[in-house]
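Have the sequence and the 3D view open as you read.

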Amino acid sequence: MSIIYDVWYDESMDIIARGAQYKVIDTHDGRVRKVLLTPAESREVVAGWYAEGEADAEELAVDYRQPALKAVQVVADLLRVHPKLAASLGNPVFEAEGTYTQDKARVLRGVFAEMSEAESRRLIDDCIELILRHWQYGLGECVFNFSVNNGLDEQGRMVLLDFGEITTSRDDVKRRIQSERWLRSFSYKQLPQSLQAYYRERMRERLTVAELHRTWRQAPTSGKLAI
Ligand SMILES: Nc1ncnc2c1ncn2[C@@H]1O[C@H](COP(=O)(O)OP(=O)(O)O)[C@@H](O)[C@H]1O
Ligand SMILES: [Mg+2]
């Protein structure tokens, strides 16, 4: 709660989403504020993904905070060197303790719901091109949950909203390519079958170890802050 214009303002009314790391608050200026959850809040979110009492103890013990803090540091350092990368990360502006503001985007899950098959294929292509573009800066996708972690900006450009799930290790990316990690992600599993086939083919074609070696440039911070 905070006081704005002399009335009590309840922030919870403007929370538009919650992940395991962040709650996302609409600031009504075309931006959102993403506030890092406390460990107790994170556990609550993760427990909510499971049926009552069925939450896996290991899953609940995962520390979501430290990786998020590191990721924010890596991205902040990277954007100082490459400011033109900011748009494809939603123009984040960093505040204290892992919190940041970001352009408000249309999260892909909702966009897919309104799209034809041909338009959906184009979205998948854009997701893949974004992954490849970020390789050029030493940022690698880890979880491939594009339907919740990607969105479209006002100009309809693809944006990576959740950079808490990236790595700066090329070897890590290589392992994920070799195991086709994306086939185990819920964003893939939730696609209609015809799009699953398209996604599988396009990913296999575009995300190759050869392409990784050709495009990858080590992020400037990764020596001291590998994630
Ligand atoms: N810039 C944004 N605009 C609109 N919705 C967003 C934005 N960033 C995140 N979200 C929504 O909030 C959810 C949680 O944010 P995310 O960055 O993925 O945090 P977490 O690390 O907790 O998963 C996302 O899955 C998405 O639905
Ligand atoms: Mg997320």
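This is a predicted model: local features need pLDDT of at least 70, side-chain atom pairs count only at pLDDT 80 or more; totals for chains, interfaces and linings use all residues.

Residues are numbered from 1 along each chain as its sequence is written, and chains are lettered from A and ligands numbered from 1 in the order in which they are written.

**The sheet**

Helices (H or I, at least four residues) and strands (E, at least two) are DSSP runs, numbered from the N terminus. Two strands pair if DSSP finds at least two bridges between them. Five strands form an open sheet in the order β3-β4-β5-β7-β6, with antiparallel pairing. Its edge strands are β3 (15-18) and β6 (93-94), each of which pairs on one side only. β5 and β7 pair antiparallel over four bridges. Two bridges join β6 to β7, also antiparallel. The table lists residues that face β7.

| Residue | Opposite residue in β7 |
|---|---|
| K34 | Y100 |
| V93 | T101 |

β6 and β7 form a hairpin with five residues between the strands. There, E97 takes a positive phi near 50°.

**A loop residue**

T38 sits in the loop between β5 and α1 (39-48). A residue is buried if 20 or more other C-beta atoms, placed from the backbone, lie within 10 Å of its own, exposed if 12 or fewer, and partly exposed in between. T38 counts as exposed because it has 10 C-beta neighbours inside 10 Å.

**The ligand shell**

A residue is near a molecule if its C-beta atom, placed from the backbone, lies within 6 Å of it. Around ligand 1 there are 20 residues, of which A17, G19, Q21, V148 and D162 come nearest. At least two shell residues each come from β4 (22-26), β5 (31-36), β7 (100-103) and α6 (146-149).

**The nonpolar core**

A nonpolar core is a set of buried Ala, Val, Leu, Ile, Met, Phe, Trp, Tyr and Cys residues joined through C-beta atoms within 7 Å. The largest one has 38 residues. A71, V75, C127 and F163 have the most contacts inside it. Elements giving two or more residues to this core include β4, β5, α3 (65-81) and α5 (117-135). The largest share, six residues, comes from α3.
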